[in-house]
Amino acid sequence: MTRSCHPPSMATLLCPRPRFWNSLCCVNKSSFWLFMVLLKFGTLLQRLGVCLLHEMGKGRDSWWWPYLKQLPRGYDTLATFSEFEKQALQVDDAVWTAEKAILKAKMEWRQAKLVMEQLQFKPKFRSFGAWTWVCATISSRTMHVSWDEAGTLCPVGDFFNYAAPGEESSGLDGGCHTSESFLEDGLLANGIASDQLTTKGLNSHLDSFVDAGFEDHLAAYCFYARRDYKKGEQVLLAYGTYTNLDLLEHYGFLLAKNLNEKAFIPLEPGILSLTSWPQDSIYLHADGKPSFALLSALRFYVSSPQQRRSILHLVYSGSQLSEDNEINASRLLSKKCHEVLQSLPTTTEEDDLLLSVIERIQDMNCPVEVGKLLCSFRGEISAFLDGHKDLPAAHDKIVEFLLSSRAKSSLGKWKLAVQWRRGYKQIIADCICFCTEVIEGFSHQNEVNIPEP
């Protein structure tokens with residue numbers, strides 16, 4: 001960059017279409033044999049994945065080598081999680097999300113493996129590990145384009161790091177973006193149809209959360225500055241609004257503070273069936289407050305069955321029905337949150353202690369120090385070691401393993417899982433505090449309003 005400062009909404013980078021790398025250009029630029037195979041093979045994502053591994057197999061002889069050598073050699077996306085790392089998430093929804101990602105990767109790999117064997121790929125490039133790497137590369141680095149559902153790799157442009165919408169000024173009016181969670185609440189409160197929230201209706205409201213896009217008139221992918229940047233400062237881009245579980249699934253990282261974070265809690269079918277809110281709109285915000293749909297559903301559920309028909313319009317408008325109703329809804333929500341925390345294997349305090357131990361192991365380079373730490377703290381570390389079934393039982397071998405690059409990779413994923421569940425529990429705990437404040441607020445108000453004898 002030659003400018004010393006990039007003002008808001010100014011293009012910081014333009015990547016021309018001829019430099020894109022997607023499933024279509026891969027087929028067009030491949031050898032005749034590869035072209036004939038890919039033409040009949042799988043999804044666009046699988047075609048791009050096979051092409052990417054094909055180029056990796058060429059090494060320095062690949063035209064793409066200057067780009068390929070800059071790519072990470074490992075990722076921490078959910079599809080790369082081991083059974084232990086997956087279970088370390090603890091929360092059923094998160095574990096299921098990880099399972100789904102792993103199963104999807106395995107299914108695609110089994111199909112792609114047949115093609116890669118036919119193309120005589122080297123064994124290491126047709127392994128499941130290689131396939132999870134290529135899937136993570138595509139998931140975390142491709143940019144959206146309308147003509148290719150797999151997206152397109154955009155050299156240099158796909159190296160920008162992430163900044164969550166809501167944390168920086170928009171650059172257009174000096175205001176701050178609101179998070180997707182609060183945007184959904186606003187749409188629900190104003191009567192936007194629930195099906196629009198999961199399709200084009202919500203997407204059209206979220207365009208301003210993305211800092212890049214393909215411009216037809218320039219035939220290039222354009223990346224825009226959200227705020228002022230000075231020379232030497234890292235430019236961050238918003239890929240879109242994501243929860244931490246979304247970020248972990250698709251990109252392999254999470255944020256310590258994410259305004260778009262959500263926590264879903266299990267509720268009785270009766271609560272969900274009484275209203276027409278979509279289930280993905282019934283959650284807790286990052287600060288522990290219930291979403292518009294969740295609070296409305298709880299208000300309706302604790303109301304008298306005889307009154308429900310007459311108060312339905314008030315429920316959908318977001319109005320409080322009565323003090324007693326608000327207190328009962330808060331008590332029910334608090335009860336559900338307590339049940340969630342009690343059902344999880346560890347507390348936030350235990351998670352904090354475990355995180356400190358993991359970080360100490362990651363920072364250690366001395367076998368003696370690692371050995372002492374293992375003796376003083378076992379707990380979940382024993383389960384971590386048991387998850388590596390090929391590990392010798394000898395103490396010195398265990399210490400040697402914990403200092404290896406293989407262990408460092410696994411420790412990193414384990415740490416991400418613990419950080420995610422710790423954040424989930426914090427939202428649940430914050431919701432309990434919020435409910436307590438609501439209940440005590442009404443109680444205090446009633447005490448003040450009692451007339452003196």
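## Aromatic pairs

Phe20 and Phe214 are both buried (under 20% relative accessible area; exposed is over 50% and partly exposed in between, with a 1.4 Å probe and protein chains only). This is a predicted model, in which local features need pLDDT of at least 70 and side-chain atom pairs count only at pLDDT 80 or more, while totals for chains, interfaces and linings use all residues. Residues are numbered from 1 along each chain as its sequence is written, and side-chain values use heavy atoms, with hydrogens and water left out.

Rings of Phe, Tyr and Trp (its six-membered ring) pair if their centres lie within 6.5 Å; planes under 30 degrees apart are stacked, over 60 edge-to-face and the rest tilted. The count by this rule is 14 aromatic pairs. Phe20 and Phe214 make an edge-to-face pair, with 5.9 Å between centres and 70 degrees between planes. Phe20 lies in the loop between β2 (11-16) and α1 (23-29) and Phe214 in strand β6 (residues 212-215), so this pair ties together parts 194 residues apart in sequence. Helices (H or I, at least four residues) and strands (E, at least two) are DSSP runs numbered from the N terminus. Ring pairs also link Phe20, Trp147, Phe214 and Tyr221 into a cluster.

Trp277 and Tyr316 form a tilted pair, 4.9 Å centre to centre with 55 degrees between the planes. Trp277 is in the loop between α11 (269-273) and β11 (284-285), and Tyr316 is in helix α13 (residues 308-317), so the pair ties together parts 39 residues apart in sequence. Trp277 is buried at 8% relative accessibility, whereas Tyr316 is partly exposed at 25%.

## Strands β6 and β7

β6 and β7 run antiparallel and are joined by four bridges (strands pair if DSSP finds at least two bridges between them). Ala212 has Phe223 in β7 as its bridge partner. The two strands form a hairpin with four residues between them, and Ala219 in the turn has a positive phi of about 50 degrees.

Four of the five residues of β7 (residues 220-224) are buried, so this strand is largely enclosed by the rest of the structure.

## Thr80

Thr80 sits in the loop between α4 (65-68) and α5 (83-87). Thr80 is buried, at 17% relative accessible area. Leaving out residues up to four places away in sequence, Thr80 touches Tyr75, Glu85, Thr132 and Lys413 (contact means heavy atoms within 4.5 Å). The Thr80 side chain reaches the backbone oxygen of Tyr75 at 3.4 Å.

Conventions: Polar contact = N/O pair within 3.5 Å; in protein donor to acceptor, adjacent residues only side chain to side chain.
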